[in-house]
Amino acid sequence: MKRWYLYPFSLGYHLVTGIRNTMYDLGVLKTTKFKTPIINVGNLSVGGSGKSPMVMYLAQYLSKHYRTGVLSRGYGRLSKGYEVTNYESNYKVVGDEAMQLFERFKNRFVIAVSEERVPGAKKVIADMDLDVLVLDDALQHRAIKAGFNILMTDFNDPYFKDHLLPAGDLRESRHGSKRADIIMVSKCPDELTEETKRYYISRIRPSYNQKVFFSSIGYDENVYGRDKMLPDNNLNYYDILLITGIANPKPLLEHLAKFSQRVKHLKFRDHHNFTDDDIKKITAEYRKLGEYKLILTTEKDYVRLKTFDYLREIVYYWPINVVIDKKEEFNQIILDYVRKN
């Protein structure tokens, strides 16, 4: 248990979330169903579990076959309401994750945000004539009935070892995993044995209609800046100031350590909106580094940091993708669901 002294409060939280889920299960609380196939990517815990790379993977893959859209809440943005991301958008209006998706894929698929998921889904499906919609982080948003649910759980912090808030980090009880069609163990180490897989499956205890998959983070062979790129094996020549505003920067730190030992890390909270004071701090730390130096960040943080004039020319980002074990089987399950619906 992470915060055992708060366990009594977790009992109350369990009661509230349990009653809410029961009311949805019994139909007391309204759930909206759609004719259009909807795939939801969510998790049981707070913090990073690899949802964003999975949403990116699904949207990219499905857009090869269908008119595809992504709908997220637009967490961290300074606006409200329904917005479709386009060339005039910025992270303050649509959020950093939607902006990240658009800057990588442009108009390959539709990217919309709405804190009200049901009206947002209705509008983006109708206005954009979508064949399939990918929902980002809506497993607990049960007012919308997704036809297919993918539950993400971090290999290093799986839900079956966690506890309810506030003693742990679970948003709802472990039983919520039973609503998933696929349980994806994310951020797995590169060397993952069959024995380890069997252990995780035994702890997850999937139902007969559930499938368990494993995935890892794949880093690009280059880091990218404004109109330039640098091979990752050149990072050893630089002093690096790493800036992160993500829930869990540990995998990035571990990967970066393979290329450089001269790293200074400035960690900010997830979806952090950088201020002028933050930039002054970053600038001061950057100036302390040696002659050959650069600022490195995540793709999500880059869409915010590059808006500051001083950083625009010296900040690089490291793109990531999800690498799925048994990818062909996973892809076939996704395609079968969309085709049948």
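At what angle do α2 and helix α11 (residues 327–340) pack, and how far apart are their axes? The angle is about 65 degrees, and the axes are 12 Å apart. Axes here are lines fitted to C-alpha atoms, for helices over the stretch in contact, with angles running from 0 to 180 degrees between N-to-C directions. Helices (H or I, at least four residues) and strands (E, at least two) are DSSP runs, numbered from the N terminus.

A word on the ground rules. This is a predicted model, where local features need pLDDT of at least 70 and side-chain atom pairs count only at pLDDT 80 or more, while totals for chains, interfaces and linings use all residues. Numbering starts from 1 along each chain as its sequence is written, and side-chain values use heavy atoms, with hydrogens and water left out.

## The α2 and α11 pair

Back to those two helices: α2 and α11 are roughly perpendicular to each other. The cut-offs are under 35 degrees for roughly parallel, over 145 for roughly antiparallel, 65 to 115 for roughly perpendicular, and oblique for the rest. The crossing of α2 past α11 is right-handed, meaning that the near helix is turned clockwise from the far one by less than a right angle, with anticlockwise being left-handed.

On the α2 side, Met 54, Tyr 57, Leu 58, Tyr 61 and Leu 62 make the contact, and they meet Lys 327, Phe 330, Asn 331, Ile 334, Leu 335 and Val 338 of α11. Contact means heavy atoms within 4.5 Å. Sorted by class, that comes to nine nonpolar residues, one polar and one charged. For the sorting, Ala, Val, Leu, Ile, Met, Phe, Trp, Tyr, Cys and Pro count as nonpolar, Asp, Glu, Lys and Arg as charged, and the others, Gly among them, as polar.

## The sheet and strand β9

Now for the sheet. Nine strands make an open sheet with mixed pairing, ordered β4-β5-β3-β6-β2-β8-β9-β10-β17. Its edges are β4 (83–84) and β17 (320–324), each pairing on one side only. Two strands pair if DSSP finds at least two bridges between them.

Take β9 (residues 182–186). On one side, β9 pairs with β8 (residues 148–154) in the parallel sense over five bridges. β9 also runs parallel to β10 (residues 211–219), joined by four bridges. Here are some of the residue partners:

| Residue | Partner |
|---|---|
| Ile 183 | Val 212 in β10 |

How many of the residues of β9 are buried? Five of its five are, where buried means under 20% relative accessible area, exposed over 50% and partly exposed in between (1.4 Å probe, protein chains only). In a regular strand the side chains alternate between the two faces of the sheet. In β9, Ile 182, Met 184 and Ser 186 point one way, with Ile 183 and Val 185 pointing the other way.

## Helix α4

Helix α4 (residues 96–105) is largely enclosed by the rest of the structure, because eight of its ten residues are buried. The buried ones are Asp 96, Glu 97, Ala 98, Met 99, Gln 100, Leu 101, Phe 102 and Phe 105. Their cover includes α2 (51–62), β3 (68–72), α3 (91–94), β5 (110–113), β6 (132–136) and α9 (299–305). The helix lies across β3, β5, β6 and β17, and runs at about 165 degrees to β5.

Most residues other than glycine have a negative phi, and most peptide bonds are trans. A few spots here go the other way. Lys 106, which follows α4, has a positive phi near 55 degrees. Asp 129 has a positive phi as well, near 50 degrees; it sits in the loop between α5 (117–128) and β6 and is exposed at 59% relative accessible area. Lys 187 has a positive phi of about 55 degrees and lies in the loop between β9 and α6 (194–204), but Lys 187 counts as buried at 14% relative accessibility.

As for the peptide bonds, the one joining Leu 165 and Pro 166 is cis, with omega about -5 degrees. Pro 166 belongs to the loop between β8 and β9.

## Two more residues

His 255, in helix α7 (residues 250–256), is buried, with a relative accessible area of 14%. Leaving aside residues up to four places away in sequence, His 255 touches Tyr 219 and Trp 318.

Lys 280, in helix α8 (residues 276–287), is exposed at 58% relative accessible area. Lys 280 and Tyr 310 are 30 residues apart in sequence, with 10.0 Å from C-alpha to C-alpha.
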